[in-house]
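Visitor: I am new to this structure. Please take me through one part of it closely, and show me how that part sits in the rest.

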Amino acid sequence: MMQIDKIFKLPGAYVLLVDLKTSYQSEIGSLGNIKFSAGHYFYFGSARGHGGMQARVQRHIRAKKKLHWHVDWLLLSGTVIKVLLIAGGVECNIRQKADLINDLKVIAPGFGSSDCDQCRTHLLAVNGDGSDALKKLQGVTGGGIYSATSFFPNTAAQPVIV
Ligand SMILES: [Zn+2]
């Protein structure tokens, strides 16, 4: 079996489960003014660069950073609680597989998908706390689900769902 830390460093696609405790409104680049209701969200991304999925997910979780991607604004208020990693996966592919899962809905068209001509958005709102929907998504995409705390070296990387 492959070591978890090796999986983390591979390129691939990931899905962030974001918890937004209170509603949040902001100007987000070209999208204009967007209002997010309190609740849970899936954000779809991929990482091809040095450090693989781990480096990218760490960046998302880290509080201090220059705002660059649309999701950076959402994460000023929201918190990443779980992450689905699909080594070698392609974000648009994973995003489209999410259409097979109930309880997900499109909000903020164009969010995270400015340079994507296949998806309306890379952000979906989730009914409920998102854990079941993330597990269902994992069922169609494969990959592993990890807690957000797994991405920092001072905590042992453990899958929360096996
Ligand atoms: Zn896409």
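Guide: Start with one cut-off. A residue counts as buried if 20 or more other C-beta atoms lie within 10 Å of its own, as exposed if 12 or fewer do, and as partly exposed in between. Keep in mind that this is a predicted model.

Now the part itself: the loop between S6 and S7. Ala-108 is found in this loop. Ala-108 has 22 other C-beta atoms within 10 Å, so it is buried. Its backbone stands out too. Ala-108 has a positive phi of about 50°, although it is not a glycine.

Gly-112 lies in the loop between S6 and S7 as well. Gly-112 has 21 other C-beta atoms within 10 Å, and therefore it is buried. What does Gly-112 touch? Leaving out residues up to four places away in sequence, its contacts are Tyr-43, Gly-45, Trp-69, His-70, Val-71, Thr-121, His-122 and Leu-123.

Take Tyr-43 from that list. Gly-112 and Tyr-43 are 69 residues apart in sequence. In space, their C-alpha atoms are 8.2 Å apart. Tyr-43 has its own set of contacts, again not counting residues up to four places away. They are Val-15, Leu-16, Val-18, Val-71, Gly-112, His-122 and Leu-123.

Tyr-43 leads on to the core. The largest nonpolar core has 40 residues. Those that touch the most other members are Tyr-14, Val-15, Phe-42, Tyr-43, Val-83 and Leu-84. S1 gives the most to this core, with six residues.

Follow S1 next. S1 covers residues 12-20 and S5 covers residues 79-87. The two strands pair in the antiparallel sense, over eight bridges. Gly-12 has Ala-87 of S5 as its bridge partner. S5 is also joined to S8, residues 144-147, by four bridges. That pair runs antiparallel. There, Leu-85 stands opposite Gly-144 in S8.

Now two helices. His-70 and Val-71, both touched by Gly-112, are among the buried residues of H3, residues 70-77.

H5 spans residues 131-141, and its buried residues are Ala-133, Leu-134 and Leu-137. They cover an arc of only 100° around the axis, so they sit on the same side of H5. An α-helix has 3.6 residues a turn, so residues three or four places apart point the same way. The buried residues of H5 pack against S1, S5, H4, S6, S7 and S8. After H5 comes Gly-142, with a positive phi near 75°.

Asp-103 sits in the loop between H4 and S6. Its phi is near 75°, a positive value in a residue other than glycine. Asp-103 has 14 other C-beta atoms within 10 Å, which means it is partly exposed.

Last, step back to the whole chain. The chain has five helices and nine strands. Buried residues make up 38% of its 162 residues. Among contacts between residues at least 6 apart in sequence, 69% join residues at least 24 apart. A compact globule with 162 residues would have a radius of gyration near 15 Å, and the chain agrees, because it has 15 Å.

Notes
Residues are numbered from 1 along each chain as its sequence is written. This is a predicted model: local features need pLDDT of at least 70, side-chain atom pairs count only at pLDDT 80 or more; totals for chains, interfaces and linings use all residues. The radius of gyration is taken over C-alpha atoms; the globule rule is 2.2 Å times the number of residues to the power 0.38. Two residues are in contact if their C-beta atoms, placed from the backbone, lie within 7 Å. Two strands pair if DSSP finds at least two bridges between them. The arc is that of the directions from the helix axis to the C-beta atoms. A nonpolar core is a set of buried Ala, Val, Leu, Ile, Met, Phe, Trp, Tyr and Cys residues joined through C-beta atoms within 7 Å.
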